[in-house]
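User: Hi, can you walk me through this structure? Keep it short, please.

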Amino acid sequence: MSSSFKEDSISLASNKEKPKSANPSAAPPEDDSETRLSIWEKLTPTQFEAVESLAQDYRHFLTKAKTERAVVAQLLAWAQAAGFEDLAQAGPARQGGYLTHHGKLLGLFKPGKAQGAKPSFNLVVAHADSPRLDLKPRCLYEESDLGLLKSNLYGGLKKFQWLARPLALWGFVALKDGRQIDVRFGEEPGDPVLTITDILPHLDSKVQRDKKLIDAFPAEKLNVLAVSKPEGSIKDKNRLKKALKDILLKRWGLTEDDLISSELELVPAGPAREVGLDASLIGGYGQDDRVSVFVGVKALLEAQNPEKPLLLIIFDREEIGSYGATGAESNFVTRLAAAALNKSGFEADWLTVTEALAASQAISADVEAALDPTFKDVHDELNCARLGFGPCLVRYTGGAGKYGASEARAEYMAHVRGIFDSNDIIWQSSLLGKQEYGGGGTVALSLAFHGLSVVDCGAPILSMHSPFEISSKADIWMTRNALGAFYTKA
Ligand code: MN
Ligand code: MN
């Protein structure tokens, strides 16, 4: 059942034009009809059921975990239920262990069977943060008899996609006395929601239509409509702001100043959905990169008797450059490796930890842009990802001449594709898009700092970074299988 898009690429090229350096003695390209079958066409009835079952679990996970903290809390609950222990505490971690940092960064460790004199890990990393709008520290104001909230961009989103749609507010407020007040507004069916207004088409010519896209939607105009009923006596001023403050106090016991120490995130309201007349797809917010988070933790928890010790790290702050105490540029990889070695009976000194990391193998599990039939011209069709054709092995990301790419070594690419091929993984080789059209990066670059072998691999998705990203149920299942094979066979 093994197939790779690399083979497909050769077939495609041979159909359209003869490769210039064709070797006449080389074997003819494989039959296109065979190599271009998607996962759907190769599933047995039992596998089909497994695909559906995993997709339903995933859909519920997406609906329940819309912030990086909610993702970490859910994964921690699963790990604890599987018997994982806190690596920061003394004592054994026979089933496995976890390490968290600031509630937004999570590492999991599963011990390996054979631990030689020179330890190393099989490591998968993904990120839990997604593009969104945060509330500014001072965000309450009134204008034209309405009460509004000021938002701040987080990550690379297309601003117009966030207007005129239902939004929910997730997060918490930290109080000076140490208490935390959880906020979740607009998520349950029947709850009121929040929204950002847009201008009607009848009047948009000067402010939007005649402008460049980037200028037509200034970030400072992404103001959230929050109240419209004034509070207090008609002689009072600022009655809409007063209404906002009253609700804060009555509903959550908060003052305006308390919002200065809050993490409140505006996310698309409502559940993830099945998509398509055939219900073969999943649509929802935050699939970049929660699809990798979900299949990564499944693969780690399900891995039976792995030879090598396994690590999974769920980073925060990837969408804004991986900087900060909970990003991939922090020292968390080293801390987790040291804690894991310690639990495995090693002296976790600097040399042991750095050598173990340098000898480790990693997959940076992040989503890839799938070929969109409506916007085909941004992709190099020989090297693009297709929905339903499995996880994408991405040798390098970056832009402008591989700038910012860690780039996997050819030997490591060979090693990983060998593991996939010998474990019935349907996968594809892809690159993000055409050169000089833009670019992107992943945490692979930060991991490569440790000298380990790393390659990007993840499910292809459509409408990346939008409020409603699209993935294929078949790809979700196959990506879980691919990470499972990497964990236990690499
Ligand atoms: Mn992203
Ligand atoms: Mn990502």
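Analyst: We can start with the domains, then look at salt bridges, helix packing and some backbone details. Keep in mind that this is a predicted model.

User: Okay, what domains does the assignment give for the chain?

Analyst: The assignment gives domain 1 and domain 2. Domain 1 takes in 5-17, 34-130 and 285-489. Domain 2 covers 132-268.

User: How far apart are the C-alpha centres of the two domains?

Analyst: The centres of domain 1 and domain 2 are 34 Å apart.

User: And how many residues are in contact there?

Analyst: Domain 1 brings 19 residues, and domain 2 brings 15.

User: What area is buried between them?

Analyst: About 1,400 Å² is buried between domain 1 and domain 2. Carbon and sulfur atoms give 52% of that.

User: Which residues of domain 1 lose the most area to domain 2?

Analyst: Those are Lys66, Tyr285 and Pro467. Together they make up 36% of what the domain 1 side buries.

User: How many salt bridges cross that interface?

Analyst: Four salt bridges are found between domain 1 and domain 2.

User: What about the total count of salt bridges?

Analyst: The count comes to 25. One salt bridge joins glutamate 263 to lysine 104. Their closest N and O atoms are 3.5 Å apart. Another pairs glutamate 52 with lysine 473, at 3.1 Å from N to O.

User: Where do glutamate 52 and lysine 473 sit?

Analyst: Glutamate 52 is in helix α3 (residues 45-64). Lysine 473 is in helix α13 (residues 473-489).

User: New topic: helices. At what angle do α11 and α13 pack?

Analyst: Helix α11 (residues 410-421) packs on α13 at about 110 degrees. Their axes are 9 Å apart. That makes α11 and α13 roughly perpendicular to each other.

User: Which residues meet there?

Analyst: From α11 there are Tyr412, Ile419 and Phe420. From α13 there are Ala482, Ala485, Phe486 and Lys489. By class, this contact has six nonpolar residues, one charged and no polar ones.

User: Now α9 and α10. How far apart are their axes?

Analyst: The axes of α9 (residues 332-343) and α10 (residues 350-358) are 10 Å apart. The angle is about 105 degrees.

User: Why call α9 and α10 roughly perpendicular?

Analyst: Because angles of 65 to 115 degrees count as roughly perpendicular. At about 105 degrees, α9 and α10 are therefore roughly perpendicular to each other.

User: Which residues make that contact?

Analyst: On α9, they are Val333, Thr334, Ala337, Ala338 and Leu341. On α10, they are Thr352, Val353, Ala356 and Leu357. Seven residues in the contact of α9 with α10 are nonpolar, two are polar and none is charged.

User: Last topic: the backbone. Which peptide bond is cis?

Analyst: The bond from aspartate 288 to aspartate 289 is cis, with omega near 15 degrees. Aspartate 289 belongs to helix α8 (residues 287-302).

User: And what is the phi of arginine 317?

Analyst: Arginine 317 has a positive phi of about 70 degrees, although it is not a glycine. Most residues other than glycine have a negative phi. Arginine 317 lies in the loop between β15 (310-315) and α9.

Technical notes: Residues are numbered from 1 along each chain as its sequence is written. Chains are lettered from A and ligands numbered from 1 in the order in which they are written. This is a predicted model: local features need pLDDT of at least 70, side-chain atom pairs count only at pLDDT 80 or more; totals for chains, interfaces and linings use all residues. Side-chain values use heavy atoms; hydrogens and water are left out. Axes are lines fitted to C-alpha atoms, for helices over the stretch in contact, and angles run from 0 to 180 degrees between N-to-C directions. Helices (H or I, at least four residues) and strands (E, at least two) are DSSP runs, numbered from the N terminus. Angles under 35 degrees count as roughly parallel, over 145 as roughly antiparallel, 65 to 115 as roughly perpendicular and the rest as oblique. Contact means heavy atoms within 4.5 Å. Ala, Val, Leu, Ile, Met, Phe, Trp, Tyr, Cys and Pro count as nonpolar, Asp, Glu, Lys and Arg as charged, and the others, Gly among them, as polar. Domain bounds come from an automatic or database domain assignment. Buried area is the accessible area (1.4 Å probe) that two parts lose on being put together, summed over both. A salt bridge is a side-chain nitrogen of Lys or Arg within 4 Å of a carboxyl oxygen of Asp or Glu.
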